[in-house]
Every structure is written in C-alpha cells, then in structure tokens.
Number of protein chains: 2
Amino acid sequence: MGLHAIILAGGSGTRFWPLSRELAPKQMLTVFGDDSLVVDALNRAQQVVGDEGHMHLVVGATLIDELRNHLLSHEVWGSADLNYIIEPAARNTAPALALAAAVVMADDPDAVIIMLPSDHLTEGGERWIATMNVAIDAAADGSLVTVGLYPTSPETGFGYIQARGQAEGQPGDQADIAVPTALPVKRFVEKPNYADAKRYVQHGNYYWNSGMLVARADAILQQLLDVHTNNPTSSDAAKNDVIVATARAIAANSDDGAGLQAFTALPKVPFDKAVLELSSKVKVVPTCIDWSDVGSLLSLEALQGANERGTRVIGQGIDLDSHNTLNYSDSRLVATLGLSDTVVVDTADATLIAARDRVQDVREIVRELHRRGVPEIRQSQTSLRPWGSWTMLTRGTGYQVKEIEVIAGASLSMQKHQQRSEHWIVIAGMADVEIDGQQQMVGAGQSVFIPVGVLHRLSNAGTEPLRIVEVAVGDYLGEDDIERFDDQYGRDT
Amino acid sequence: MGLHAIILAGGSGTRFWPLSRELAPKQMLTVFGDDSLVVDALNRAQQVVGDEGHMHLVVGATLIDELRNHLLSHEVWGSADLNYIIEPAARNTAPALALAAAVVMADDPDAVIIMLPSDHLTEGGERWIATMNVAIDAAADGSLVTVGLYPTSPETGFGYIQARGQAEGQPGDQADIAVPTALPVKRFVEKPNYADAKRYVQHGNYYWNSGMLVARADAILQQLLDVHTNNPTSSDAAKNDVIVATARAIAANSDDGAGLQAFTALPKVPFDKAVLELSSKVKVVPTCIDWSDVGSLLSLEALQGANERGTRVIGQGIDLDSHNTLNYSDSRLVATLGLSDTVVVDTADATLIAARDRVQDVREIVRELHRRGVPEIRQSQTSLRPWGSWTMLTRGTGYQVKEIEVIAGASLSMQKHQQRSEHWIVIAGMADVEIDGQQQMVGAGQSVFIPVGVLHRLSNAGTEPLRIVEVAVGDYLGEDDIERFDDQYGRDT
C-alpha cells in the first residue's frame, strides 16, 4: 500500500477578489501565515504520507504554469518531487478525483489516496496526524472515509455529515478526545437553515463536512460504478460510468486527445453528489482540529482581534469611529471614517468595499469585471515565474516599467523581442547578462541596454536574490512578444 | 483707479483629502474641469479687471513654490504677469487682506480690490461680469461690497447676509434679474440651524455669503481702523490697528524681518469678523450666478448624475447595488458592493471611505495622519515643478523610479547628487543632456547614466513634451540630496 496525497489545487477562489485573481487564486495567497494555503496543504499532507509517500497536485490547464511557478520558488517544495495531474477542464470533484485515482492506480494498484482541498486553513501536527491515521486505517476495507469537524456553532455556510451512532466524547468536551474513531455515515446534509443548524449542533452526531477524503484509489473508481448500478435512476450518478472510463483512458495514455476531449464533455458534478450521498460504504472520522474553509473575505478577520467597536485595521490603514468594520490593506493608505458593517480590502491595483452581509456576492463583481474584460481580475501586479517574479510598476503609452527578481542561480530564457528595447538597471545583487553573444557582469547601480531584436539572457550570478528595474520602450509591449530559445524550464513561448 | 484682482490662494483644503494634499490643496486640483480652481479664479478675475488690470495671488510661504510651479506650467498663466503676495504665516483673511491692500496701495493709491477665494466653483461670463461691475461701482464711495447668492435651498453650511430692503425680483424669478443692484447690509448671520435657514430662504432678503469682496484698498485699511474706533470693546476688532500697522510696514519694506515677525504674531481673525460684521459701510450685491464653495468631497457629486439608487460611479470604478453612494476613483479599479450612504474617494496612493454624514470629519483623519507623519498627506505621487512635473512610480529599498515630464524648451537646474546615481531612459521627445560638461542628444528608447557626484542637466530640446523614466539607485534618495547650480528658476536648493 502506498500513500498518495492528492491536493486539489484548481479552485478559482472568486470570493476572495481582489486578493485572489484568476491566475493567483486563494490557495496561492500568502495572507494567513508565512506560506500560501497550498503550501500549507503540502506541509500537512507530508506529515501524513511521510517520506515514502507520493505528492500529487490536481490543477487545471489554465493554472498549471502559475501553480508550478508558485511552488518552484518555495525553498522546500521548489525542489521536491511533485506530480501534477492536469484537469483538461474544470469539471468539479467527481471527474477530478476519478482522474487522480486512475492516474495513481496506473503506477500503484494498491494506492491509498488522501485527498485534501488546497484552500482551507487547517491545523497540522499531532491531532491532525492522529485523525488522518484513523481515516487511513478505516479506508483499508474499501470504505470512502470523510473527515468531519465537531460543529462549534450553527453555521449555515457548511454542509453537515450525520453519523450513525456517535463518537466518544461530546462537542462539549472535544479537547478531551484523544483517539478519533471512524463512524458509519447515515446521511449528508446540504447547507441548512439556521434552525436546523442549531439542532445539528445540539444533536451530537452531526459534523461539518471538511471536504477531505481518504480512500483506496480502486475503491473510488469502484464506488463510482457501484452507486450508479445501485441507483440507476439517480441523475447525479448517471454519468459515473463515463467519468470512470474517461479517467482510465487518460491515465492509460495521457496524450490521447480523444480522452481529453471526452473529459471536457463530462458533467460538472461534485464527488459528494455523484458518490458519497449515494454510497453505503462511507465513514466519517470526527475531529476537533482547528479548521476554516476561508470561505469569504471575512476570514481575514481571524488575523487580528477587533477593537472596542468591533473594527479591525489590518495593514497600512487608519480608522476613525467605524463599527464592525474590516479595513484591510496590502500596502496602500486606506482611511475609513464612521462606517458600519463594512468590509474594505485593498490591493496595489484594486479595492473592494462591500457591505458586510454582501461579501459572498463578490462573485457577482468578478462576473461583471470579467464581462468588461478588465485586467485586474486576471492577475495582480506581481507574476510568479519559475526563475522568480516580476512586478508591474507602471504601464504608459510606449513604455512599461517592471521590477524583476531572480532567485539565486536562476536564469531567464535566452530571448529576443521584435517590438521593444529594454533597459535593465541592477538594484541589488549581481547579474550575469548575455547580449548578442557577449557576456558581462552587472552590479548594483549599473545598467545595460538591449536593442530591439537582439538575443539576450539574464541570470543571477550571485548567492543573493537579484533585483533589477526593467524599462521597456516600444509601440507594443505585450507578454507575447517574447521569442524564447534554450529555456531551462522547457518553455518555448 | 486701477483694478486689482486679489486671489486668496493660501487655503489648505484638508476637507478634500485624499484628492487634496498639503502641497496640492483644493484650489490646485483639476477635478471639476480642464483647469484647476485657482486658474478658474484667475480666468474669472481677468474678465472683470481686463487687460489693464493687475493680478495678485496671496499665498503662504509654505505653498508659494507649489503654486508658482502649478501656474508656470499653465499655457496662458505660465507666462502672465502675476504678483505673488506672500503671507509670512497663515493668519486668516483680516491680516491677509490688510497686507494685500497695503501692498497694492504702495504702487496705486487709488486701487480698487476685487478679492476672490481661489477654491470655489463659480460661473464666469456675462452675469458674473455684470455682478462684479455693479460691485465695483458701489465700492467707489468707500463701501465694502460683498457678493451674495440668492439662496436656492436652506443650507446650514453657509453664512448669510441680510440686506436692508430687498433686491428687485424674488428668489422665485432669479433668472429674470438682468441688472444686479447693490443694497446696504443689515447684518451678517453665521451658519444657521435648519429652521432659521428655511426662514431666510423664504424671507427674500437673505443671501449666501460668497466670500467675495470688492473695495477700495484705502477703504479696507481705513475701515479696519474705524470699526475699532467705533467698537472699542469688540475683541474681534481689538487688534485691527496692529494688523494695519504691520501690513503697512511689510508693504513699505518687504524684507523687514521685524515686520514678518509681527505678522506671525497677529491673531487669526477673518475679515468678516474683524470688519464686515461691525462696519456700517458694507453693501451686498445679490446675484444668481452658479456658485459652489466646494466645501466637502460631496461636491464631486456635481460631476455626474446619480443612477436610480442615488449612486454615482465617477472614474474607473464599478458598483453593484449601492444606495446613495459615491464611488470616485482617479485611476484605479474600485468596486463597491451593497453599500449605503457611503463616500469612496480613491487616488493613486491613498483611499478614503467615509459615511456620507461624516465627510466633513475628513479633517480629523488628516489630523491623525499628520500626527503619524505619513507622507500621503503632504503630497501626491505627482509633484509640479517650474519645468514640468515628476511622478513617483515606486520607491524601494535602495532605489526609486520616477516618470519625469519636461515642457518644451524647459531645463532642470544643473545639479549633482552625493548619494545616488541616476539612469534616464527617454520615453518620448528629445532630451538635451549635459553630463560632466559633455552635451548629447538622447531620443526615445535611448538612455544615459549619471554617476554619483557628477554635474548634470536635463533639457527638453524639442517642441513636444519630453518624458523620461528616471531610475535612481543609492542608499539615500531624499529630495534634499540635490546640489543646484545655475537654475533658471532662481532656486539654489
């Protein structure tokens, strides 16, 4: 039996705009700690699967480059053996999990999968490891094992899992539960109303659905097929056979265009609906680990206690007399004055101001911005690259200015541009610059000029990060005016 | 008799932050039209005083450079004959007006002064000229002639002037009043409560106090003295003799340190209190010109009609479902969602979000920011210079990047820096660059390097604006590391 962590890293996180962007969704944000949520998920998974385990990330084709760049620049995971499972299209978790199970099984027929969302904030450590080990043991007989959180309040934003029977210990004495147990599941409940949620909390055997799952890979595929057989009239399971067949076809031959096309034609159906709510082989391990689904911008309030008026100023802001208000800013000066129940989230290039009870509707703002085609929903001012990152400082008619950071030892591709000349001014570190075949070292305060059409390459020759300011001048400055040669990251455009 | 326009241009405009800054107060903002409010005031004054008239600007010592730079870059006023009367310190309008009167009288004993605030939004043209001509005529006998606006609503934010008797025509038929008349003033009323304001509107001979004044210069000084004589117990007039004496002393010898010091010791007293409310020689010319005192950020609402929910999006923003809300942004993407009665004003480096009924308290925010010493209250990202402007694009550890625009034919000073090297990349136009005695022409896409400690000068050699990006690299990058030589604007620091 091999342990395979499957991190679902393809989420779009539109509820976290303007902090999140299409190319930098919630799981890639470093807001809640030193690391991003997806790195946190990798760290937690590692604690469970150990050094012998395997790490997989499921991600969509549109996000793979950004995610890879994000992880490549991490000091531990940048050099780790990570397997990327690419969803040809976003089809929700039933197709994604089937694909992951089929891919993993191709190399390891006895694989046990630990599937984790990448955009939740969860405690690692002893209680976490104990919980997951119980789930792994419980999955040995082919069960699909979910993880349930003891509900500490009547949340209406989560689904609930009702167990048959009850875990030892009651919600009141969660902290005392030393050894979690796996219980059979009676039913799944979708987001309830407040009265029901209150009842569930009191009832004692309802748990918040964490979205985590532990199961043998073969059991995942087999259950997809079995629930369809056992529930021939269920529309949720109607396509399960096609899902499994498609996943297996892609796993057997990942370059098969037909398979990829078939995947794209699959229904968007969550694994909970397609399998868990219909299967009799589902268990739940109740646990009291700290957990948050980081479901809205209000999650930012966890970063800091409120003042006597219920208001939080996090970052560079200032507040006078606001009540129950969040003033969050990355880097700019944001002043709030006499507001009530308002959420302000400020970033370098975009600001959201929402009524507190409307934060979930940020999705509507994003939808409208999408319709207008504004760049601020696609990416932030900073773009992660395999060699480091660049930050757009300004874009004007005929020129743009970027700050570029290159990690020690890294190189950009050998490249040239048809439409722009570039000036590089070194701010810190030591650059190894090749222009038209001539190599030179360029230190802080020095600069080089790269004319239109001339081959050039930038490398960090030092042991510290290299920082340069790039001023590009030309009539056309799009990212697609890069002709790459000899790229150490295998990119050719 | 010479006509002298006196534009009071020293206001600080803290109620307009973050649009206004200490070094760019409200009167210098270009928000309500193609020109700034102070340029509008100059244009209006010109219509009245004509080509033979004289133009004076009263401004504080801290703001004189910024105001001069602001006007120097204007295509008409940049080359006009403007006289700057410098207040040694901000002492409100009684000392300021006394100083202006004394300065003007020194050259022109028969001077008639037309005093205009520089930060109001007022209609020019025929009705304006007719109004001011009536005021000029009425001032011939030594009267102090104010301008009153027909009140169109019971405003509690303005002072009112009550006339003895009544102008021809009633508020209801303002538009029909062809010829304004000057009426004797019965009394001045400070900002009233709502019930009183309502009564004033109905009464028919109350007018909003516009803050404009027409009077002979000698009458201004004489009335300062007379009201003190006639009201020996009035504390508001108690220092009038000292004010006049100090103003005359400075006018006689503007380099007299003692006079400047005496001015700084004067009380901060408005001319309304020190003279107008006490004098029997005050008249009012009622007029129905369009007028706004631009008293708060809510004045921005005049720029655009509201949608069906009472909400305005002015600039780059987007709104969903907000009521009675202003979403104003210079340049950035600001999204508002489900707000009520909220004012959002966004600039490149700072954002204010205020409850609608608290916009006047922006002053408190500014006071607090002042206490914290944040740069965002002092100046915006753009600084006007006599030769054009610069805009700070970014400031990082050890470097800063500016965009510099030089107007055709202009030159920066010959200068050098002790702590930083500079790279200039020309974006548009043709630069004439002198470095260490060597002159060279630098065109778009080309760049030059200025090492630490080397004399250099930048000039615009072309007929179009010259735009360059300047990357400065060094441990210290403050504006005070500039040693100037041969500055065509007479600056030596």
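1. A friendly place to start: helix 1 of chain A passes helix 2 of chain A in a right-handed crossing, where helices are DSSP runs (H or I) of at least four residues and strands (E) of at least two, numbered from the N terminus. Right-handed here is when the near helix is turned clockwise from the far one by less than a right angle.

2. Please keep in mind that this is a predicted model, where local features need pLDDT of at least 70, side-chain atom pairs count only at pLDDT 80 or more, and totals for chains, interfaces and linings use all residues. Residues are numbered from 1 along each chain as its sequence is written, chains are lettered from A and ligands numbered from 1 in the order written, and side-chain values use heavy atoms, without hydrogens and water.

3. Turning to strands, A:Ser421 sits in strand 22 (residues 420-428) of chain A. A:Ser421 counts as buried because its relative accessibility is 6%; buried is under 20%, exposed over 50% and partly exposed in between, with a 1.4 Å probe and protein chains only. Residues touching A:Ser421 include A:Phe449, A:Val473 and B:Gly445.

4. Opposite A:Arg395 stands A:Gln400 in strand 20 of chain A.

Technical notes
Contact means heavy atoms within 4.5 Å. Two strands pair if DSSP finds at least two bridges between them. Lists of a residue's contacts leave out its neighbours within four places in sequence.
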